[in-house]
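Please look through the structure shown below. Some questions and answers about it follow.

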Amino acid sequence: MATTDKLPMLAEGYEKLTRELKALREERPKIVDAIEEARAHGDLSENAEYHAAKERQGQVEATIADLEDKISRAQIIDPKTLSGDRIVFGATVTLLDEDDKPVRYQIVGQAEADAKVGRISYNSPLGRALIGRKVEEEIEVTVPSGDKFYLVNKIEFI
């Protein structure tokens, strides 16, 4: 499933991925030790500790491979270096919802997305609807809770 496409992300997202990768690499020897210890208990066919350790090893190795792929394709973007009148990756956007209530989001990579703190992925339904839009443009987006309408009020690169 690995592709050669660049994966845009902010510096914080890149750092988060590298910290996670480092932690998993540090866990590898502990898993090997757990497997060896479980092996010492004898019959592997009914050894739950052995099977759990092997399963954890598989999960860790798969996650490490995924993180290494993402890190190798990372394209770090600093929003402060961006400008323009259109919404792009890294932009912070203030929208007005149907009740003219302002909502603010920063367009970020998938690893950094957290809607609770105002960071949405460029791949999310709203993120995809926002990319390329200008101030005063209306946006309609279908989300699990139904159709939402927004007006682009402000675009910042902070």
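**Questions on the predicted model**

Q: Is Asp100 buried or exposed?
A: The model is a predicted one, and the answer rests on its computed accessible areas. Asp100 has a relative accessibility of 59%. The cut-off for that class is over 50%, so Asp100 counts as exposed.

Q: Where is Asp100, the residue that has a positive phi although it is not a glycine?
A: Most residues other than glycine have a negative phi. Asp100 has a phi of about 60 degrees, a positive value. Its place is in the loop between strand 3 and strand 4.

Q: What is the phi of Glu136, which is not a glycine?
A: Glu136 is found in the loop between helix 3 and strand 6. Glu136 is exposed, with a relative accessible area of 53%. Its phi is positive, at about 80 degrees.

Q: How many residues does helix 2 have?
A: Helix 2 covers residues 48–72. From its first C-alpha to its last it reaches 36 Å, close to the 36 Å expected at 1.5 Å a residue. The number of residues in helix 2 is 25.

Q: Which elements do the buried residues of helix 2 pack against?
A: The buried residues of helix 2 are Tyr50, Ala53, Val60, Ile64, Leu67, Asp69 and Ile71. In an α-helix, residues three or four places apart point the same way, because there are 3.6 residues a turn. The buried residues of helix 2 pack against helix 1 (11–39) and strand 2 (74–76).

Q: Which residue caps the N-terminal end of helix 2?
A: The cap is made by a side-chain oxygen that lies 3.2 Å from the backbone nitrogen of Glu49. The residue that provides this oxygen is Asn47.

Q: What is the N to O distance in the salt bridge of Arg28 and Glu61?
A: The side chains of Arg28 and Glu61 meet in a salt bridge. This pair links distant parts of the chain, with Arg28 in helix 1 and Glu61 in helix 2, 33 residues apart. Arg28 is partly exposed at 30% relative accessibility, and Glu61 is partly exposed at 32%. The N to O distance in their salt bridge is 2.9 Å.

Q: How many residues apart are Lys134 and Asp85?
A: The side chains of Lys134 and Asp85 meet in a salt bridge, at 3.5 Å from N to O. Lys134 is in the loop between helix 3 and strand 6 (138–143), and Asp85 is in the loop between strand 2 and strand 3, so the pair links distant parts of the chain that are 49 residues apart.

Q: What is the angle between the planes of Phe89 and Tyr122?
A: The count of aromatic pairs comes to one. Phe89 and Tyr122 form an aromatic pair that is 5.7 Å centre to centre. Phe89 lies in the loop between strand 2 and strand 3 (92–96) and Tyr122 in the loop between strand 5 (119–121) and helix 3 (125–130), so the pair ties together parts that are 33 residues apart in sequence. The pair is edge-to-face, and the angle between its planes is 70 degrees.

Q: Which residues touch the most other members of the largest nonpolar core?
A: This core has 37 residues. The elements that give two or more residues to it include helix 1, helix 2, strand 4 (102–108) and strand 7 (146–156). The residues that touch the most other members are Ile87, Val93, Leu95, Ile107, Leu126, Leu130 and Val152.

Q: Which residues is Leu95 in contact with, leaving aside its neighbours within four places in sequence?
A: Contact here means heavy atoms within 4.5 Å. The residues in contact with Leu95 are Lys101, Pro102, Val103, Tyr105, Leu126, Leu130, Tyr150, Leu151, Val152 and Asn153.

Q: How far apart in space are Val117 and Gln106, C-alpha to C-alpha?
A: Val117 is in the loop between strand 4 and strand 5, and counts as exposed at 58% relative accessibility. Val117 and Gln106 are eleven residues apart in sequence. In space, C-alpha to C-alpha, they are 9.3 Å apart.

Note on methods: Residues numbered from 1 in each chain as written. Heavy atoms only, no water. Helix = DSSP H or I, 4+ residues; strand = E, 2+ residues; numbered from the N terminus. Expected span 1.5 Å × (residues − 1). Buried < 20%, exposed > 50% of the residue type's maximum accessible area, 1.4 Å probe, protein only. Polar contact = N/O pair within 3.5 Å; in protein donor to acceptor, adjacent residues only side chain to side chain. Phe/Tyr/Trp six-rings, centres within 6.5 Å; stacked < 30°, edge-to-face > 60°. Salt bridge = Lys/Arg side-chain N within 4 Å of Asp/Glu carboxyl O. Core = buried A, V, L, I, M, F, W, Y, C linked by side-chain atoms within 4.5 Å.
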